[in-house]
Amino acid sequence: MFVIYLKFTAEKARAAQVMEAHKAWLAQGFSDGVFLVAGSLEEGQGGAILASGEDRRALEARVAADPFVVEGVVVAEITKFTPARTDARLQFLKVAA
């Protein structure tokens, strides 16, 4: 399982120009079953995605194709982690890791 941080760069002002393409990229990640959760970071710093079901190399390629990354609007940071404890409602995450 991975957490992907998409942190805005000095090009943040260009986000609106690429937003629809970024949303389509996100939708594809959900459709492919790779993205589990996505949302904004506090204070307009960027966003975060919880991803599973893809190895690191494939995930890195997927993230590199994000229009926000391609256009330099964000820089991506991918962190792998293994869930060891979950709330019962999220037990499936331990299996997905």
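Me: Which residue does A38 stand opposite in strand 3?
Reply: A38 stands opposite I49, where a strand is a DSSP run of E with at least two residues, a helix is a run of H or I with at least four, and both are numbered from the N terminus. This is a predicted model, in which local features need pLDDT of at least 70 and side-chain atom pairs count only at pLDDT 80 or more, while totals for chains, interfaces and linings use all residues. Residues are numbered from 1 along each chain as its sequence is written, and side-chain values use heavy atoms, with hydrogens and water left out.

Me: OK, and in which sense do strand 2 and strand 3 pair?
Reply: Strand 2 (residues 35-40) and strand 3 (residues 46-51) pair in the antiparallel sense over five bridges, and two strands count as paired if DSSP finds at least two bridges between them.

Me: How many residues sit between them in the hairpin?
Reply: There are five residues between the two strands of the hairpin, and E43 in the turn has a positive phi of about 55°.

Me: Switching to rings, how many aromatic pairs are there in the whole structure?
Reply: A search of the whole structure finds three, and ring pairs link W25, F30 and F35 into a cluster. Rings of Phe, Tyr and Trp (its six-membered ring) pair if their centres lie within 6.5 Å, and planes under 30 degrees apart count as stacked, over 60 as edge-to-face and the rest as tilted.

Me: What kind of pair do F30 and F35 form?
Reply: Their pair is edge-to-face, with 6.0 Å centre to centre and 85° between the planes.

Me: Is F35 buried or exposed?
Reply: F35 counts as buried because its relative accessibility is 3%, whereas F30 counts as partly exposed because its value is 37%. Buried means under 20% relative accessible area, exposed over 50% and partly exposed in between, with a 1.4 Å probe and protein chains only.

Me: What sits over the ring of F35?
Reply: The charged end of R62 does, 5.9 Å from the ring centre, and the charged end of K7 sits over the ring of Y5, 5.5 Å from its centre. The rule asks for NZ of Lys or CZ of Arg within 6 Å of the ring centre and within 35 degrees of the ring normal.

Me: Last topic, in what order do the elements run from the N terminus on?
Reply: The order is β-α-β-β-α-α-β-α, which comes to four helices and four strands.
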